[in-house]
Amino acid sequence: MLPTHNEKMLTRRALGMQNGNSVRRNFLAVRVDGADIQVASRLAGKGWAVRDPAADFGSMRVFRVTTEGAKAIGRRLPAERIFTPTA
């Protein structure tokens, strides 16, 4: 299954790849009432992203890209960027 254009762009943004090809981070904060929340939720439904409720703030919801999500856009997550949820 290939990501849609919006899914690919949101994943690149989460990885800090808007202006290059290096993975610089692994988080994306989207407004709960914004357009990107739907795309981020689709990514989570596909297993390409996970919500990180511990990092939410105000009306912003935080998502992190999974290794499968990075692979879907042809990238590999460096070990230090792999998200491991805390209990």
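This is a predicted model: local features need pLDDT of at least 70, side-chain atom pairs count only at pLDDT 80 or more; totals for chains, interfaces and linings use all residues.
**View 1. The largest nonpolar core.** Here we step back to the set of residues that includes Leu 15. The largest nonpolar core holds 18 residues, and Leu 10, Leu 15 and Val 30 are those with the most contacts inside it. At least two residues of this core come from each of H1, strand S1 (28-31), H2 and strand S3 (60-65). Which element gives the largest share? That is H2, with 4 residues. As a general background, nonpolar side chains tend to be buried together in soluble globular proteins.

**View 2. Where helix H1 meets helix H2.** Helix H1 covers residues 5-14 and helix H2 residues 36-45; their axes come within 10 Å and cross at roughly 90 degrees. The two helices are therefore roughly perpendicular to each other. On the H1 side, the contact is made by Asn 6, Glu 7, Leu 10, Thr 11 and Arg 13. On the H2 side, you will find Asp 36, Val 39, Ala 40, Arg 42 and Leu 43. Sorted by class, this contact of H1 with H2 has 4 nonpolar, 2 polar and 4 charged residues.

View 3. Is Leu 43 buried or exposed? With 5% relative accessibility, Leu 43 counts as buried. Thr 11 is buried too, its relative accessible area being 3%. Leaving aside neighbours within four places in sequence, Leu 43 is in contact with Glu 7, Leu 10, Thr 11, Trp 48 and Ala 49. Thr 11, in turn, touches Leu 43, Val 65, Gly 69 and Ile 73, not counting residues up to four places away in sequence. For a sense of scale, the C-alpha atoms of Leu 43 and Leu 77 are separated by 16 Å, and these residues are 34 apart along the chain.

View 4. The 3 strands form an open sheet in the order S1-S3-S2, with antiparallel pairing. Which strands are at the edges? They are S1 and strand S2 (49-51), each of which pairs on one side only. From one strand to the next, the twist averages 35 degrees. S1 and S3 pair in the antiparallel sense over 4 bridges, and Leu 28 stands opposite Phe 63 in S3. H1 packs on the sheet and touches S1 and S3, its direction making about 125 degrees with that of S1. H2 also packs on the sheet, where it touches S1, S2 and S3, and its direction makes about 35 degrees with that of S3.

Conventions: Residues are numbered from 1 along each chain as its sequence is written. Side-chain values use heavy atoms; hydrogens and water are left out. Axes are lines fitted to C-alpha atoms, for helices over the stretch in contact, and angles run from 0 to 180 degrees between N-to-C directions. Angles under 35 degrees count as roughly parallel, over 145 as roughly antiparallel, 65 to 115 as roughly perpendicular and the rest as oblique. Contact means heavy atoms within 4.5 Å. Ala, Val, Leu, Ile, Met, Phe, Trp, Tyr, Cys and Pro count as nonpolar, Asp, Glu, Lys and Arg as charged, and the others, Gly among them, as polar. A nonpolar core is a set of buried Ala, Val, Leu, Ile, Met, Phe, Trp, Tyr and Cys residues joined through side-chain atoms within 4.5 Å. Buried means under 20% relative accessible area, exposed over 50%, partly exposed in between (1.4 Å probe, protein chains only). Two strands pair if DSSP finds at least two bridges between them.
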